[in-house]
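Hi there,

Here is the structure I promised to pass on. Please open it alongside this note, and my findings follow below.

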Amino acid sequence: MTFLTIEATFDQDGCLHVEGAVDLKGKRVLITVLPGDDYDISSGHFSALMSEETLARDWDLPEEDEAWAHLQD
């Protein structure tokens with residue numbers, strides 16, 4: 001499986017404009033809306049924020065607690 005990252009912007013009417021020519025026919029697409037232009041996306045904090053909800057959903061399970069219990073003091 002290969003993932004592709006494509007840069008795009010929304011115009012004033014809310015229409016999505018993809019940068020460059022990309023063939024998306026038959027593809028499934030997830031859209032992540034980034035903070036405004038004043039936010040530094042190269043910051044390590046950005047990656048952590050993007051992951052937080054997914055990690056919480058996947059890791060905050062009784063099964064995960066049991067799987068890692070042997071590492072507790």
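**What I found**

Let's begin at Asp60, which sits in the loop that links helix H1 (44-59) to helix H2 (62-68). Please keep in mind as you read that this is a predicted model. Is Asp60 buried or exposed? Its relative accessibility is 61%, so Asp60 counts as exposed, given that the cut-off for exposed is over 50%.

Next, the salt bridges. How many turn up in a search of the whole structure? The answer is 1. In the salt bridge, the side chain of Asp23 meets that of Lys25, with 3.6 Å from N to O. Both Asp23 and Lys25 are exposed. As background, side chains of opposite charge can pair when their charged atoms come close.

Finally, have a look at Thr9, which lies in strand S1 (residues 8-10). Thr9 has 40% relative accessibility and therefore counts as partly exposed, a class that runs between the buried limit of under 20% and the exposed limit of over 50%. Which residues does Thr9 touch, leaving aside those up to four places away in sequence? They are Cys15, Leu16, His17 and Glu19.

Conventions: Residues numbered from 1 in each chain as written. Predicted model: local features only at pLDDT ≥ 70, side-chain atom pairs only at ≥ 80, totals over all residues. Heavy atoms only, no water. Helix = DSSP H or I, 4+ residues; strand = E, 2+ residues; numbered from the N terminus. Buried < 20%, exposed > 50% of the residue type's maximum accessible area, 1.4 Å probe, protein only. Salt bridge = Lys/Arg side-chain N within 4 Å of Asp/Glu carboxyl O. Contact = heavy atoms within 4.5 Å.
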